[in-house]
Amino acid sequence: MQPTHRSNRILQPARPWFIYFSLVAALVLTYIPTGRLPAVPEWVALVLVFWCIREPGRIGMMSGFVFGLLVDIGQGAAMGQHALAYVILAFMANGLSRRVLWFGSLQQAAHVLPMLLVAQAVMVLVRLAAGAEFPGWTYFLSSLSAAVMWGPLSFLLMLPQYQPVERDDNRPI
């Protein structure tokens with residue numbers, strides 16, 4: 001029995017302007033002051049992982065570095081803290097992109113969660129090396145909430161790539 005949840009629509013390539021627009025939108029969401037809410041996902045990290053997995057030829061470690069520096073500047077963090085974490089995150093996501101795409105949304109989220117946790121651990125280590133205090137274990141809840149957001153975010157970011165369903169009897173495919 002064939003699964004009925006698969007779409008017959010063909011994916012178009014992602015447009016570069018849409019990729020960077022979504023990263024800038026994630027950057028704007030990151031700049032929103034949320035205080036000390038522990039479970040707010042790191043939007044830039046999540047969108048960066050998505051595009052590193054979907055478009056590894058276009059988005060990679062350089063994008064992670066640039067957007068990491070922009071997050072550092074916007075949040076007043078130690079310069080390079082997010083940049084280092086996002087470069088490592090992009091490296092892991094690019095390396096696992098072919099594997100992750102074989103799975104469904106839930107299994108993809110299970111692959112993304114450890115990557116996000118490693119990125120957050122790098123940020124904590126940089127903070128501790130700079131003399132800051134340990135932020136507490138609730139700091140890592142943002143990775144869990146980002147993994148929960150993986151499915152809806154994937155659906156939202158994939159919408160512009162779907163070709164419209166139109167029937168053409170003269171087309172062989």
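Helix 2 and helix 7 pack with their axes 11 Å apart and at an angle of about 60°, where axes are lines fitted to C-alpha atoms, for helices over the stretch in contact, and angles run from 0 to 180 degrees between N-to-C directions. That makes helix 2 oblique to helix 7, given that angles under 35 degrees count as roughly parallel, over 145 as roughly antiparallel, 65 to 115 as roughly perpendicular and the rest as oblique. Helix 2 passes helix 7 in a right-handed crossing, the term for a near helix turned clockwise from the far one by less than a right angle, with anticlockwise giving left-handed.

The model is predicted: local features need pLDDT of at least 70 and side-chain atom pairs count only at pLDDT 80 or more, whereas totals for chains, interfaces and linings use all residues. Residues are numbered from 1 along each chain as its sequence is written, and side-chain values use heavy atoms, with hydrogens and water left out.

On the helix 2 side, Leu 46, Val 47, Val 49, Phe 50, Trp 51, Ile 53 and Arg 54 meet Trp 150, Leu 153, Ser 154, Leu 157 and Met 158 of helix 7, contact meaning heavy atoms within 4.5 Å. By class, the contact of helix 2 with helix 7 has 10 nonpolar, 1 polar and 1 charged residues; Ala, Val, Leu, Ile, Met, Phe, Trp, Tyr, Cys and Pro count as nonpolar, Asp, Glu, Lys and Arg as charged, and the others, Gly among them, as polar.

Helix 2 (residues 43-54) also meets helix 5 (residues 105-129), the two axes coming within 11 Å and crossing at roughly 120°. That makes helix 2 oblique to helix 5 as well, and helix 2 passes helix 5 in a right-handed crossing. Here Ala 45, Leu 46, Val 49, Ile 53 and Arg 54 in helix 2 meet Gln 108, Val 112, Met 115 and Leu 116 in helix 5, and the residues of this contact divide into 7 nonpolar, 1 polar and 1 charged.

Aromatic rings form a further theme. Rings of Phe, Tyr and Trp (its six-membered ring) pair if their centres lie within 6.5 Å, with planes under 30 degrees apart counted as stacked, over 60 as edge-to-face and the rest as tilted. By this rule the count comes to 7 aromatic pairs, and two of them are set out below.

| Pair | Centre to centre | Angle between planes | Class |
|---|---|---|---|
| Phe 50 and Trp 51 | 4.9 Å | 80° | edge-to-face |
| Phe 134 and Trp 137 | 5.1 Å | 65° | edge-to-face |

Phe 50 and Trp 51 are both buried, buried meaning under 20% relative accessible area, exposed over 50% and partly exposed in between (1.4 Å probe, protein chains only). Phe 134, by contrast, counts as partly exposed at 37% relative accessibility, and Trp 137 counts as exposed at 69%. Phe 50 and Trp 51 also belong to one aromatic cluster with Trp 17, Phe 18 and Trp 150.

Helix 6 (residues 141-148) has Ser 142, Ser 143, Ser 145, Ala 146 and Ala 147 as its buried residues, and what covers them includes helix 2, helix 5 and helix 7 (150-158).

For the protein as a whole, the secondary structure comes to 7 helices and 0 strands, helices (H or I, at least four residues) and strands (E, at least two) being DSSP runs numbered from the N terminus. Of the 173 residues, 38% count as buried.
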